[in-house]
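Good morning, colleagues. I should like to take a few minutes to walk through one structure; please look at the display.

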Amino acid sequence: MGRKAGALYINPKKFGGVTKPCMLEMVSFLNCLALNKQNDDKCVRQKDLLVACAQAQKGRPKNAAKTINYHLQRLARDKGI
């Protein structure tokens, strides 16, 4: 999966500052599991918050920063670069 020579490309890792949805809830749930020796019966509140956040994200469109390379390649193809 190499890149073609001369193709336009932007490193998506530079867009890492974009906030990740549900990250706080995930970390909270994993910390609770670690503190309670993987017993998720004691982490019901954190689990419910994580599930609610994941359900809220279900219908949202993906981040446009992830598709920037697709758009660059499409524009380059149209212009013949």
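Predicted model: local features only at pLDDT ≥ 70, side-chain atom pairs only at ≥ 80, totals over all residues.

Residues are numbered from 1 along each chain as its sequence is written, and side-chain values use heavy atoms, with hydrogens and water left out.

Helices here are DSSP runs of H or I, at least four residues, numbered from the N terminus. Helix H1 covers residues 23-35, and its end C-alpha atoms lie 18 Å apart.

Which residues of H1 are buried? They are Phe 29, Cys 32 and Leu 33, where buried means under 20% relative accessible area and exposed over 50%, with a 1.4 Å probe and protein chains only. Because these buried residues fall within an arc of 100° seen down the axis, they line one face of H1; the arc is that of the directions from the helix axis to the C-beta atoms. On the other side of H1, Leu 24, Ala 34 and Leu 35 are exposed. Just after H1, Lys 37 takes a positive phi of about 55°.

The cover over the buried residues of H1 includes helix H2, residues 44-57. Leu 50 belongs to H2 and is buried, at a relative accessible area of 16%. Leaving aside residues up to four places away in sequence, Leu 50 touches Cys 22, Glu 25, Met 26 and Phe 29, contact meaning heavy atoms within 4.5 Å. The C-alpha atoms of Leu 50 and Met 26 are 6.2 Å apart, although the two are 24 residues apart along the chain.

Key. Helix = DSSP H or I, 4+ residues; strand = E, 2+ residues; numbered from the N terminus. Expected span 1.5 Å × (residues − 1).
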